[in-house]
Amino acid sequence: MAIFTAIATAISAAFFAGSAIATSIIAGGLALATSYAVRALTGQPQQQSGADAFGVQGKLAGGGDVPRSFGLGYHATAGSLVYANTHGAATYDTPNAILTQVIALSDLPGERLVGLWVNGARVTIALGDADYTNPGIGDLGYAVPEYIRPHNGEGSPTPHLWIKFYNGTQTAADAFVVAHCNSAERPYTSAHVGKGICYAVVHAFNDENLWSGFPTFKFELSGVPLYDPSRDSTVGGSGAHRYGNPSTWGGDGDNYPAVQIYNLLRGFSYGGAWLYGLQNTSAARLPVSNWIAQIDKCRSTVIGASGPEPSYRTGGQVNVNAQLANAIEAFLTGCQGRISEIGGFYKIHLGAPDSPTFTFSDGDILSTETQVYRPFFSLADSVNGIQATYPDPAQGWNTATAPPYPSPDSELAETLKARDGSRQLMADPSFDFVPFAEQVQRLQKSALDEAQRARTHTLSLPPAFWIVEPGDVGEWTSQRNGYDAKQFRVDAMVDRANLDVILSLTEVDPSDYDWDSAADFTPVTGGGTISNPPAPQAIDSFDAQPYTLVDSDGIGRRPAILISWGVQPGIAAVQFEVRLASDGSSVTRGRSDRPTAGNLIISQSILPATDYQVRGQFVPSSPRDMLWSDWLDVTTPDVRFSLAEFDAALTAQVTTLRDALQDRIDEAINRIASIASDVAARAPLDKQSVRSQLAARSEDALAQIDDVRTVAVTTEAAFASFSTAATATWGSTTAFVENSATAIATLDGYAAASWGVSVGVDGVITGSIRIDGGASWSAVTIQADKFQIQLTGYNGDAPLKPFTIGAVNGIPAIGINGANMYLDRSIFANAIVAKSITASEIAANTVTSDSGLIGALAVKSLSLADQAVTVPVVQTLTSNVVGGTGDRVYFSFNLSIDTTGLSGKSIPIYASLVAQWENDNFGFVDSVHQLYINNAVVCGFHAGNGGSAAISLVPLVGSTTITGTGGTVTVPVKALFQSGTATGVLAGATIFAMAAKR
């Protein structure tokens with residue numbers, strides 16, 4: 001007796017009962033033979049929940065009581081945790097930098113990973129039939145693109161999540177987990193193969209801005225490969241499937257409920273051991289013509305919103321502790337299916353009613369037997385609306401609610417409600433194995449439309465109808481009932497001892513399964529899934545401007561940069577970076593822990609009149625990604641040091657010297673003026689003056705030259721002066737040149753002179769020169785926009801500018817154009833004060849033979865130690881030399897050294913090089929770099945198995961000595977690279993000898 005169809009119980013019981021009793025039993029048990037969806041409308045029990053639930057396992061299971069499971073069709077599961085540990089993967093110093101989890105997904109081999117969800121969001125993976133071997137870090141697996149990002153928002157993007165999938169055919173444990181995750185507390189050895197089990201290995205890189213806890217996963221799987229009799233040409237199908245050869249299984253039939261139920265009835269085994277389903281069921285007990293016909297109904301296409309799609313597809317995870325009857329019923333849900341057992345043979349009927357296989361009329365009915373007719377449902381059995389739930393892949397495989405059928409505001413809804421006394425009688429079946437939104441709506445419509453057909457009959461027919469079976473469809477023409485070839489489905493039957501049969505019939509109509517996607521389908525708008533990681537936040541209104549720090553007197557003292565930003569909630573601080581605009585080198589960085597201030601002054605390490613670039617970033621109050629702003633250009637103000645920067649004592653000294661000099665200049669000017677005044681006021685012993693004037697005028701134009709020359713002597717002083725003024729005027733426009741000179745000599749031995757030239761335009765002096773001199777000093781004052789010197793016949797007669805004049809913090813300053821300070825940029829011996837350059841002022845190794853020739857060096861006594869004065873002999877290799885795997889000599893040459901005069905002296909030879917090797921196998925290096933001088937190893941480096949890195953740079957420095965022969969010495973030099981698996985690169989080498997001279 002079949003354990004999964006309750007109608008068999010009723011049939012068996014009725015087989016031995018009288019006709020009236022059998023008729024009543026069948027009539028009362030009609031609902032047992034209808035489809036799951038139709039029975040759900042009448043409030044009958046659905047499949048079990050809890051441990052026996054089917055569909056999507058949304059949470060990661062763990063512990064020792066997790067039942068074995070496998071998937072049929074397209075489905076999702078969180079799997080069960082097999083192993084977890086943290087480690088540094090021999091690459092990171094942090095011991096818990098990476099969390100590794102091994103998650104079992106199916107206890108039967110052959111499933112394929114077709115999708116992945118992380119923390120509720122779908123991510124991109126490379127799809128494959130077996131394990132992932134895509135490039136990653138070492139052997140971590142495939143790097144998930146959505147999780148390639150800067151670590152904690154800093155640095156270059158690096159992978160933060162890797163996945164590797166095994167489909168159950170693996171023969172060895174995951175090498176990376178064994179090598180890097182195995183520990184005494186949590187062992188994971190080479191024995192952890194997981195033979196026959198589909199599982200995933202996921203590695204998550206710790207990042208506080210990315211993970212708020214352990215990451216969660218949902219794996220979309222294809223289901224195990226199934227045997228499809230419609231694809232087996234040896235049993236009436238078409239294709240290469242063979243039941244005895246599982247390697248031929250798999251294809252589109254894996255998603256069809258008829259194929260899935262067929263395989264459940266045949267049973268699932270692995271390695272010869274039964275796992276789930278019926279045991280020892282022969283193919284003869286599942287009539288192949290029936291099953292192929294129903295499989296073809298699943299495969300037949302329906303025009304959906306996105307184009308043609310199969311009529312029925314189902315998928316879900318099956319736990320082996322669930323009753324087989326419940327598992328089969330869950331798949332029947334997705335296809336309006338029914339299954340029957342007839343004498344040990346199992347048949348299935350799904351979807352729309354099949355074509356009629358028999359006909360009968362009123363005359364065929366045995367009038368002597370009891371008949372039962374139900375023209376309509378009772379109110380308790382009436383349903384006028386349906387709204388199902390189902391797992392929606394578009395919403396992270398969470399349970400979604402389909403739009404109700406019929407639409408509450410439709411005419412059909414109002415008609416059905418009116419029939420039931422304006423009552424809203426809704427049913428809410430659960431399609432746990434149907435992750436397809438449009439198929440769910442098709443199932444709702446067909447289930448409700450079929451459920452409105454209330455006519456059911458229970459009647460007896462003669463032995464001619466003995467071949468009729470449950471699930472068959474017949475046509476009944478009845479004048480009494482007004483039927484004209486009306487179709488009825490056989491829901492149950494009883495064979496009587498006299499060969500009569502009792503049939504339970506339900507009205508059906510193929511039009512109940514008609515589907516017009518444009519009119520019947522309501523697009524589903526999901527609630528969306530969590531985007532993880534969240535989108536990074538940019539800093540708001542970030543700006544950078546030059547700024548000057550002033551003292552209490554308002555005088556600029558320091559250059560600075562003022563940054564500002566927009567105030568936002570959820571921000572703990574604002575951090576910034578400053579770099580040089582010229583080469584991008586870092587200058588300073590820091591942060592403000594008062595983001596509400598909105599601005600910050602940066603002064604540390606900031607120079608005046610310099611081009612910088614500044615960027616900023618918010619620091620969140622809770623971990624999440626933040627974006628840096630663009631680099632902003634800013635030039636700092638030209639604020640220089642002044643006397644205010646020095647301490648009081650030094651400032652006083654500088655000020656005193658400056659004031660003393662100014663006093664002497666003022667004294668000369670005053671004495672010249674005083675003596676001139678005395679000469680003019682007192683009668684000189686002798687005085688002569690010459691005055692002349694030359695002028696030309698025409699209306700508004702005037703040109704004039706005035707000249708005054710005076711000489712005078714008194715009893716105390718001699719005085720001479722002259723003054724010339726040239727003036728040109730046109731209306732209100734005037735230009736002039738004045739030239740004056742004065743010389744005095746006094747009785748008390750004082751002498752002074754003053755000479756000056758002034759040039760002016762429109763009453764404003766635009767240039768002047770003044771020279772004042774006393775007995776032992778002089779002063780030159782020049783007021784000019786430019787000071788230039790020209791040497792005729794050179795530099796294209798263009799003048800040179802030896803001086804630069806400006807103001808620093810309001811104080812005049814002058815600079816010398818150093819590039820032209822000396823004709824050949826050299827300082828000659830006669831310009832150097834004797835004994836002014838001492839050894840303490842000469843940096844080490846700054847005076848060498850390369851600095852120039854030293855000729856005619858005369859010394860009374862000169863003592864030099866050996867090699868105190870050296871002449872280097874140098875050989876340099878600047879280009880890279882690349883070596884592949886295996887031994888290779890990078891270079892080999894002879895260094896020739898002239899040791900004239902050095903016979904018997906030790907001569908040192910030095911060498912340096914930078915070596916690099918790359919290894920394709922993470923964590924395993926086998927290479928040797930060695931440098932030979934005079935056939936002796938002077939330096940080297942060896943990295944054996946288990947080397948510290950896949951790519952490394954190593955500087956090698958070594959030396960040796962040879963003995964001078966008084967002639968030329970030849971020294972052979974070579975660099976050797978030995979490698980088993982690595983690739984070596986010589987980044988550069990220098991070999992030189994220091995040949996001593998005495």
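Which residue takes a positive phi in the hairpin of strand 13 and strand 14? Gly271 does, with a phi near 60°, and the hairpin has two residues between its strands. Strands here are DSSP runs of E of at least two residues, and helices are runs of H or I of at least four, numbered from the N terminus.

Before going on, a word on the model. This is a predicted model in which local features need pLDDT of at least 70 and side-chain atom pairs count only at pLDDT 80 or more, while totals for chains, interfaces and linings use all residues. Residues are numbered from 1 along each chain as its sequence is written, and side-chain values use heavy atoms, with hydrogens and water left out.

**Around helix 5**

Strand 13 (residues 268–270) and strand 14 run antiparallel and are joined by three bridges; two strands pair if DSSP finds at least two bridges between them. Phe268 of this pair stands opposite Tyr276 in strand 14.

Helix 5 itself is mostly covered, with 10 of its 10 residues buried (under 20% relative accessible area, using a 1.4 Å probe and protein chains only). Among them are Gln260, Asn263 and Arg266.

Helix 5 (residues 257–266) also meets helix 6 (residues 288–299): their axes come within 8 Å and cross at roughly 145°. Axes are lines fitted to C-alpha atoms over the stretch in contact, with angles from 0 to 180 degrees between N-to-C directions. On the helix 5 side, the contact (heavy atoms within 4.5 Å) includes Ile261, Tyr262 and Leu265, and on the helix 6 side it includes Trp291 and Ile295.

**Nonpolar cores**

A nonpolar core is a set of buried Ala, Val, Leu, Ile, Met, Phe, Trp, Tyr and Cys residues joined through side-chain atoms within 4.5 Å.

| Core | Size | Residues named |
|---|---|---|
| Largest core | 50 residues | Leu72, Ile261, Leu265 and Tyr276, with the most contacts inside it |
| Second, separate core | 23 residues | including Leu913, Val938, Cys939 and Val973 |

Leaving aside residues up to four places away in sequence, Tyr276 touches Phe70, Leu264 and Phe268, among others.

Eight bridges pair strand 31 with strand 32 (residues 556–564), and Asp543 stands opposite Ser564 in strand 32.
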